[in-house]
Amino acid sequence: VEDPARLAQLAQDEAQARVRKETKEKLEKAKQEAAARQAERKNNTEEAKTILQRTQGDTIDHYFYSINKTYTKQDWTFWLGERQLTASPTKDENIYTVTCKAFVKLGEFPQYLRKNTVPCGVWKVNLRQKTASPANKLARQITALQ
C-alpha cells in the first residue's frame with residue numbers, strides 16, 4: 001500500500017539531502033580554491049622579497065655601509081642586525097610593494113648601544129619582469145648612492 005503523504009515526504013527528504021550534498025560540495029570547493037589562492041599569495045610574497053634581495057640587495061647593503069661610515073667618523077658604533085622585508089600585493093597581481101627595514105644597535109659607547117630600526121625604502125617589485133624599483137623618496141636616494 002502506498003501512502004501519498006509518505007511518498008511526498010520521502011521525495012522532499014531526498015531533495016533536501018541532494019541540496020545539502022551540493023551545498024557541502026560547493027563549500028568544500030570554495031575552501032580548496034581559497035586555500036590555493038592563499039598559497040599562491042604566500043608564494044608571490046616570498047618571490048617579491050627574493051627579487052628585491054637579488055636585484056637591490058647590494059644597493060641596500062651599500063646604503064648601510066655609508067651609514068656605518070658616517071657613524072664611524074663620529075666615533076659611534078653602528079651594528080647592523082637583521083633586515084626585515086614586508087611584501088604586500090597591489091591591485092595588479094604581478095606588482096608587490098615591499099617595505100624594507102633593518103634592526104640596528106647604535107651608540108657612542110659599545111657597552112651602551114641602543115636598539116633602533118632603520119628604514120631602507122619602499123620598493124615596487126614586478127613579479128612578471130623580475131624587477132624591483134624605488135617606490136618612495138628613501139628608496140630613490142638609496143639607488144642614487146651607487
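This report describes the disulfide and the helix packing of a predicted model.

## Disulfide link

A search of the whole structure returns 1 disulfide. The bond joins Cys-100 to Cys-120, with an S to S distance of 1.9 Å. The two cysteines lie 20 residues apart and link distant parts of the chain: Cys-100 belongs to strand S2 (residues 95–107), and Cys-120 belongs to strand S3 (residues 114–126).

The link of Cys-100 and Cys-120 is left-handed, with -75° about the S-S bond. Both Cys-100 and Cys-120 are buried.

## Packing of H1 and H2

Helix H1 (residues 4–73) packs with helix H2 (residues 137–144) at an angle of about 90°, and their axes are 9 Å apart. Because angles of 65 to 115 degrees count as roughly perpendicular, H1 is roughly perpendicular to H2.

On the H1 side, the contact is made by Gln-56, Thr-59, Ile-60 and Tyr-63. H2 contributes Leu-138, Ile-142 and Thr-143. By class, the contact of H1 with H2 has 4 nonpolar and 3 polar residues, and no charged residues.

## Buried and exposed sides of H2

The buried residues of H2 are Leu-138, Ala-139 and Ile-142. They cover an arc of only 100° around the axis and therefore lie on the same side of H2. On the other side of H2, Lys-137 and Ala-144 are exposed.

The packing partners of the buried H2 residues are H1, S3 and strand S4 (131–134).

Terms used
Residues numbered from 1 in each chain as written. Predicted model: local features only at pLDDT ≥ 70, side-chain atom pairs only at ≥ 80, totals over all residues. Heavy atoms only, no water. Disulfide = S-S within 2.5 Å. Helix = DSSP H or I, 4+ residues; strand = E, 2+ residues; numbered from the N terminus. Buried < 20%, exposed > 50% of the residue type's maximum accessible area, 1.4 Å probe, protein only. Axes fitted to C-alpha atoms, helices over the stretch in contact; angles between N-to-C directions. Parallel < 35°, antiparallel > 145°, perpendicular 65-115°, else oblique. Contact = heavy atoms within 4.5 Å. Nonpolar A, V, L, I, M, F, W, Y, C, P; charged D, E, K, R; others polar. Arc of directions from axis to C-beta.
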